[in-house]
Amino acid sequence: MIRLTLLLKKWFELTRNVRLSEKNPRICPRPPEIPRATINVNKEAYLPGEDIVYQCNPGYIPRSGSRRYICPLSGIWPTVIFKCIPKVCPHPGILDNGKIVFTNMNYLSVLNFSCNTGFILEGPTSIQCQADGKWSESPPECPVICPPPPVSEFGVLSYHKIEAREVFVFQDRIRFSCLLPYAMFGSETATCQADGSWTPLPECKFVECPHPEPIEHGFINFALYNTYHYQDIVSYGCDLTYVMDGDSVSTCEETGTWSNKPTCKAPCNIPVEKATVLYNRRKITVKQLQLIQHAETIWFFCKSNTEDCSYMISTQCIDGQLPIPDCYKEHNWFMSWFKKDPADMSPCSN
């Protein structure tokens with residue numbers, strides 16, 4: 001009974017204190033500052049029930065503790081255990097042929113790069129970890145360097161850079177050329193290799209070709225020299241009525257020989273006397289035509305064996321040879337008075 005009385009007395013005192021505190025609430029002061037964090041509502045005083053939310057500054061992330069705190073009736077903020085730690089950027093990887101100097105990889109940290117002796121730095125000398133957790137730039141490289149190729153400045157072999165760099169690095173290429181009348185033997189390009197050396201360089205050799213030979217039924221234009229050198233050219237022509245087959249120009253090649261010469265193809269006489277043929281889309285007698293050039297085509301008129309009509313068969317002149325279609329039948333002078341020329345017949349429907 002005594003114990004119950006004490007409990008009731010304590011409960012009445014507690015409820016009375018609560019009612020008093022509700023009538024006279026205490027005000028919370030400015031909340032404690034947390035390194036690398038800000039408060040959403042920052043003011044001098046807060047009423048009981050008002051809350052605040054901590055937020056990490058750019059470049060930092062929460063590590064522990066609640067972000068939200070409420071001003072209690074007592075006017076004393078709860079113990080704030082919220083913390084912010086810096087973001088960490090990923091490791092950039094190993095720098096081949098060089099080294100990286102750094103303390104850590106946290107936000108605002110800086111990595112410094114340098115290359116070993118004999119290698120050149122391509123890219124930034126330093127990069128910094130940014131607020132988004134990424135590096136300010138891509139890491140550099142220390143590529144292999146090749147020395148200039150051993151080519152004399154005043155020699156017959158010269159080169160030019162394909163890549164626009166001041167130095168030659170791994171996989172860079174250079175292109176060579178020879179002064180005329182020298183010819184190049186080997187690859188016209190060389191590549192910087194992983195060991196810092198070049199792939200084999202070409203050679204320049206003096207080349208001379210013999211006097212060009214004439215062609216049958218043709219001639220050489222202005223063959224004025226006794227000797228010809230690499231890349232010298234001669235041009236050919238054909239006699240009247242002959243047609244050139246191939247390139248009219250022949251070139252002195254690196255092997256000391258001439259490139260392929262053209263040939264002159266002969267025209268064709270038409271080995272019939274009284275035929276009417278189709279040539280260049282018009283009918284003409286062979287007496288008027290007389291001959292056709294190499295590669296030209298004419299059409300003979302042949303009489304149908306089953307109908308009173310005619311059809312055309314083509315034939316082509318090939319270097320003086322003109323085959324006559326088997327279907328063409330030439331009549332003598334006497335029979336031509338009685339036989340109708342197939343060229344004057346109606347064309348067959350099929």
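**Exercise 1.** How many disulfides does the count come to by the distance rule?

*Solution.* The rule takes a disulfide to be a pair of cysteine sulfur atoms within 2.5 Å. By this rule the count is 11 disulfides. The structure is a predicted model, in which local features need pLDDT of at least 70, side-chain atom pairs count only at pLDDT 80 or more, and totals for chains, interfaces and linings use all residues. Residues are numbered from 1 along each chain as its sequence is written, and side-chain values use heavy atoms, with hydrogens and water left out.

**Exercise 2.** Determine which parts of the chain the disulfide of Cys28 and Cys71 ties together.

*Solution.* The sulfur atoms of Cys28 and Cys71 are joined at 2.0 Å. Cys28 belongs to strand E1 (residues 28-29), while Cys71 sits in the loop between strand E6 (68-70) and strand E7 (83-86), so the bond ties together parts 43 residues apart in sequence. Strands (E, at least two residues) are DSSP runs, numbered from the N terminus. The link is right-handed, with 95 degrees about the S-S bond.

**Exercise 3.** Is Cys28 buried or exposed?

*Solution.* Buried means under 20% relative accessible area and exposed over 50%, with partly exposed in between (1.4 Å probe, protein chains only). Cys28 has 0% relative accessibility and therefore counts as buried.

**Exercise 4.** Describe the disulfide of Cys268 and Cys317.

*Solution.* The S to S distance is 2.0 Å. The torsion about the S-S bond is about 85 degrees, so this disulfide is right-handed. Cys268 lies in strand E25 (residues 268-269) and Cys317 in the segment after strand E30 (310-316), 49 residues apart. Both Cys268 and Cys317 are buried.

Definitions and conventions
Helices (H or I, at least four residues) and strands (E, at least two) are DSSP runs, numbered from the N terminus.
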